[in-house]
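Hello,

Here is the structure I promised to pass on. Please have it open while you read, as my notes follow below.

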Amino acid sequence: AAVEVAKVEITKLSDDAQSVGTLRSRQSVIIRPEVSGRVTQINFRDGDRVRKGQLLIQLDDQLQAAQIKQSEAELSIARANHKRHPELVAQNFISQRSVDESAANLEVAQARLALSQATAARLKIFAPFDGMTGIRTVNPGDYLKDGADVVNIEDIEAVFVDFRLPERFQAKVRKGQKAMVDLDALPGRKFEAFVQAVDPLIDTNGRSVGIRACIDNRQMQLRPGMFARVTAMFGERDRAKVVPEEAIIPQGQRQFVIKVVDGPEKDSKISQRVEVKVGIRRPGRVEVTEGLNEGDVVVVAGHQRLQKDGSPLRVLDLSRPVGGAAPGSGPQGNPGNPMAASGPPGSPIGAASAPRAVPNGTPRSKAAPARPVEGPNPCFADASADAAGQGRGPGASRPAGAGAPARSGAGSAKP
């Protein structure tokens, strides 16, 4: 029987999964007053960078300031009375009960002063963390009710990308793993993210698991709300055995291929059905983890003509490479190959990003080169602080890359 065949090839594959997600601020808050009042001061401008503890809004506090002065005067009198009472008790001019009452009055005066100060403090609105302000909705002189929106503050030195993967990946995804992020708003750039958290709860509607990864954004190129295409990286296999997808013959829960072996006569070929186990799947190719070796030849077309093992074969094309490309063609010579890699063999995303590869010579817009920044990746700042607070030793485990300074121009964003 006439058949088409292909050899088992060794290549580098990335064990990954694609998803879509949304960028979110590392910290985000809408500033709202706790009490009603009239705005007397606004100490920031739209889009300003603010520091934690910076005074943003001052409400009218004249009444509260007067109450503080009154409470201070009452406290001063109570303290003076209490100071004189021990001398009077010693001279038997007053009873011990009067001393106890003066002590209680002193504590009441102190509590009233603390209450007045706390009430006045609620008329000042401070920044809860370092970040950038949005566009405010109030002006000096406006009367604000408690809970009214004033302005949003966003911490975007690092941004989160939230995405979901099918539940079958929940055993693979781990904190600290790498993910590559493409953004439609910034074509031609790839950003490196690190998984920060995996939701322990599986969504019962879509049977998917929520994942949050972090991207270094000290260059301020990313904004919350952007649409992201995420490639979650579970690992890489440097010597993966792959065959064309057409070579796999599924039968129930088992997978088979027809292997071409030498026949009893010289230069003759016969068929041999072999059960295999498959691994990573890519467009046009499948990884075989068990059942085949490098250089084995399998049938990719003409299976229906082979009724049993040992059938004589007439090979039509022994040089067909995996994926069906012409011999000798590669990422440069075959733009139409769906597995054309978008970078050199050592590219971190390998074949996973091949469906988005752009033919050589096609115009492609690129973002302006990013200015490098020095210092540690802010995505790991919280983890480092937690480790320091818990007294974690130098040998304790931590996410990959957390200990080395990151240059955003070279590591976090890749042109």
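Setting aside neighbours within four places in sequence, K124 is in contact with L55, I57, Q58 and D61. It lies in strand 6, which covers residues 124–126. K124 is partly exposed, its relative accessible area being 32%. The C-alpha atoms of K124 and D60 are separated by 9.1 Å, although these two residues are 64 residues apart along the chain.

Please keep in mind that this is a predicted model. The protein chain has 415 residues, and buried residues make up 40% of them. Its secondary structure consists of four helices and 20 strands. Of the contacts with a separation of 6 or more, 75% are between residues 24 or more positions apart.

Now to the inside of the protein. The largest nonpolar core has 26 residues, and those with the most contacts inside it are V161, L165, V181, L183, I215 and L222. Which elements give two or more residues to this core? They are strand 2 (9–31), strand 9 (151–166), strand 10 (178–183), strand 11 (186–203), strand 12 (208–216) and strand 13 (227–244). Strand 9 gives the most, with five residues. Apart from this core lies another one of 17 residues, among them V39, V50, V138 and L144.

Not counting residues up to four places away in sequence, I215 touches L23, A158, V159, V161, V181, F191, E192, A193, L222 and C379.

A search of the whole structure finds one, and it is formed by C214 and C379, with their sulfur atoms 2.1 Å apart. The torsion about the S-S bond of C214 and C379 is about -85°, so the disulfide is left-handed. Where do the two cysteines lie? C214 is in strand 12, while C379 is in the loop between strand 19 (312–315) and helix 3 (381–389), so that the pair links distant parts of the chain, 165 residues apart. Are these cysteines buried or exposed? C214 counts as buried because its relative accessibility is 1%, under the 20% cut-off. C379 counts as buried too, at 4% relative accessibility.

Next, the aromatic residues. The whole structure holds two aromatic pairs according to the search. F169 and F234 form a pair that is stacked, 5.6 Å centre to centre and with 25° between the planes. This pair also links distant parts of the chain: F169 is in the loop between strand 9 and strand 10, F234 is in strand 13, and they are 65 residues apart. With 12% relative accessibility, F169 counts as buried. F234 is buried as well, at a relative accessible area of 15%.

There is also a charge placed over a ring. The charged end of R273 sits over the ring of F256, 5.8 Å from the ring's centre.

Which residues of helix 2 are buried? They include V99, S102, L106, A109, L113, S116 and A120. An α-helix has 3.6 residues a turn, so residues three or four places apart point the same way.

Finally, two backbone details in loops. R207 has a phi near 50°, a positive value in a residue other than glycine. R207 lies in the loop between strand 11 and strand 12, and it is partly exposed, with a relative accessible area of 46%. M220 has a positive phi too, of about 60°, although it is not a glycine. M220 is found in the loop between strand 12 and strand 13 and counts as partly exposed at 23% relative accessibility.

Best wishes

Note on methods:
Residues numbered from 1 in each chain as written. Predicted model: local features only at pLDDT ≥ 70, side-chain atom pairs only at ≥ 80, totals over all residues. Heavy atoms only, no water. Core = buried A, V, L, I, M, F, W, Y, C linked by side-chain atoms within 4.5 Å. Buried < 20%, exposed > 50% of the residue type's maximum accessible area, 1.4 Å probe, protein only. Contact = heavy atoms within 4.5 Å. Phe/Tyr/Trp six-rings, centres within 6.5 Å; stacked < 30°, edge-to-face > 60°. Lys NZ or Arg CZ within 6 Å of the ring centre and 35° of its normal. Disulfide = S-S within 2.5 Å.
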